[in-house]
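Hi everyone, thanks for coming.

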Amino acid sequence: MKLSTRIALAVGVSVPLLVLASGWLLLHLVTDDLRARQDSQLRARATVLAKNAKAYLEVAGSDRPVMEQARQRRLVNSARDVGVRLTAPGAPGGTITAGPQPDPFPSLPRSAPKPVTVTSGDTDWLALSLRVGAAKKGSSPPNLWLFSPDTAEEELALVRRRVVLGALVAAPLAGATTWVIATRAVLPLRRLQRRTSGLDPRASAARLEHTPTRIAEVDDLAYTLQTVLARYDEQVERTGEALATARAFAATASHELRTPLMSMRTNIDILTDHPGLDPGDRAEVLEDLGREHARLLGLLVMLRALAQGDLVEADAFGLLELAELVDASVSDLRRTHAGAEVSVRTTTGLLVHGWEEGLRSAVDNLLTNAWAHGRAADGTARIEVTLRPSRDPREPAAVLTVDDHGPGIPPERREEVFQRFLRGPDSPGSGLGLTLVAQQIDLHRGRIAVLDRPDGRPGARFEVRLPATDVRDVENTLPLLRRDWLTGRHRPAPTSETQV
């Protein structure tokens with residue numbers, strides 16, 4: 001059923017109900033007004049009749065018949081359309097009647113100082129009684145009764161019929177009028193439906209183009225549809241990225257794991273084919289086998305970490321205290337590498353909006369890189385870690401620096417160190433550690449720079465800048481949606497800028 005038809009039916013049903021409800025209220029108001037008007041008219045007529053009745057009683061039964069007849073005639077003429085019944089001693093028959101009277105005459109109450117309703121046959125009458133004249137000894141006081149036909153019920157019946165007729169007429173008229181108006185009102189909605197009916201996100205890249213109609217519901221619906229289609233496109237893109245990441249993971253793993261696996265296979269064959277191998281040679285083969293196994297395991301861990309970074313979603317991000325994360329990473333380095341000399345200076349209260357697992361992995365790899373490649377001439381790994389706020393008030397940032405005492409990195413190679421699988425001939429790593437660091441810093445919209453040590457001594461400094469944040473501006477630091485570090489399409493953006 002169309003929306004315009006639904007609206008027309010709803011109005012066609014509701015309007016008669018509203019008319020009936022209004023008529024019911026109007027009927028009560030009219031009833032009260034009619035009753036009040038009849039009572040007022042009867043009281044006004046009673047005032048005049050009471051005066052004439054009293055004048056008649058003053059001469060009734062006296063020796064002035066002419067005056068008695070004149071005053072009786074005046075009483076009868078003043079009755080007009082109101083029935084009068086005067087009970088008075090001395091009057092002919094004891095009662096004077098004039099005007100319309102109930103027939104058959106009903107039983108009356110003892111008194112009716114306020115108008116009351118009495119029924120005679122099928123007719124209702126308003127009755128009012130007054131005491132006029134002075135009571136004589138041994139007789140009841142004279143009593144004046146006034147009667148008026150109750151015409152309110154006829155007028156109320158007419159009002160009822162007209163209310164019902166109005167409701168019956170209003171139903172089809174309101175329905176038809178509303179249908180015409182609603183049909184025109186929903187035209188923008190029908191146009192929107194025609195524009196969206198041909199959209200197929202699976203078969204076409206065409207999307208909804210909507211011009212604001214200044215109709216809130218239609219514009220909101222169009223905006224919702226555009227948002228849904230945009231999210232569909234986003235999910236399709238993310239699905240494609242996930243598939244590309246999975247394929248890249250499989251291809252990279254099969255390519256990079258081939259060399260250590262073949263080396264391990266060769267060492268195993270040597271041990272198997274030469275059971276009497278010299279103990280020194282045997283120890284050398286086992287040591288080489290252990291190194292290849294460690295390299296194989298490290299490569300798998302790094303590939304997994306890169307894949308996680310490419311596929312992480314925004315809901316994994318939260319507010320982090322960076323000093324706590326750095327202290328935890330330094331503690332792990334000291335525990336796993338007891339010979340490392342690490343000094344730490346951190347400033348608490350530096351908050352970043354980030355992925356805790358990813359940032360922790362980045363800091364771990366920076367420290368591991370400094371331990372592996374930044375040893376002093378005596379072979380000791382001395383590392384200085386500093387966390388401080390940025391000195392530039394225009395750029396609220398957390399600045400993390402890792403200094404070592406190694407040979408340093410020449411300026412021409414400072415961007416190459418972040419490339420995938422770039423490792424020296426004697427490097428124990430997988431060649432992915434700094435790539436993982438660059439991925440995570442880029443993911444968090446930060447910057448990483450390779451610098452010389454500020455004190456002029458040999459060594460390298462890795463400086464990381466991450467946007468500082470708080471609860472109010474978390475939405476401004478959401479991660480970038482496009483990430484393809486593992487597939488190799490992305491190029492890292494580290495810089496060898498001068499120290500700030």
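So, which residues gather in a patch of negative charge on the surface? They're Glu324, Asp327, Glu356 and Glu357. Helix H8, 322–336, and helix H9, 356–373, are the elements that give two or more residues to that patch. Keep in mind that this is a predicted model. Take Glu356, which lies in helix H9: its relative accessible area is 51%, so it counts as exposed, since the cut-off is over 50%.

In one of them, Arg360 pairs with Asp332, and their closest N and O atoms are 2.2 Å apart. Arg360 is in helix H9 and Asp332 in helix H8, so this pair ties together parts that are 28 residues apart in sequence. Asp332 is partly exposed, at 25% relative accessible area.

Then look at Arg414 and Asp452, whose side chains meet in a salt bridge at 2.3 Å, N to O. Arg414 comes from the loop between strand S10 and H10, and Asp452 from strand S11, so here the parts tied together are 38 residues apart in sequence. Arg414 counts as buried, at 8% relative accessibility.

Another pair is Glu463 and Arg465, at 3.5 Å, N to O. Glu463 is buried at 1%, and Arg465 is buried at 4%. Salt bridges with shared partners also join Asp332, Arg335, Arg360 and Asp364 into one network.

Last stop, helix H10, residues 433–443. Eleven of its eleven residues are buried, so the rest of the structure largely encloses it. Just after H10, Arg445 takes a positive phi of about 60°.

Definitions and conventions. Residues are numbered from 1 along each chain as its sequence is written. This is a predicted model: local features need pLDDT of at least 70, side-chain atom pairs count only at pLDDT 80 or more; totals for chains, interfaces and linings use all residues. Side-chain values use heavy atoms; hydrogens and water are left out. Patches are made of residues with over 30% relative accessible area and no salt bridge: like charges are joined within 9 Å, nonpolar side chains (Val, Leu, Ile, Met, Phe, Trp, Tyr) within 5 Å. Accessible areas come from the Shrake-Rupley method with a 1.4 Å probe; for residues, only the protein chains shown count as cover. A salt bridge is a side-chain nitrogen of Lys or Arg within 4 Å of a carboxyl oxygen of Asp or Glu. Lys and Arg count as positive and Asp and Glu as negative; His and the chain ends are not counted. The place of a charge is taken as NZ of Lys, CZ of Arg, CG of Asp or CD of Glu. Helices (H or I, at least four residues) and strands (E, at least two) are DSSP runs, numbered from the N terminus. Buried means under 20% relative accessible area, exposed over 50%, partly exposed in between (1.4 Å probe, protein chains only).
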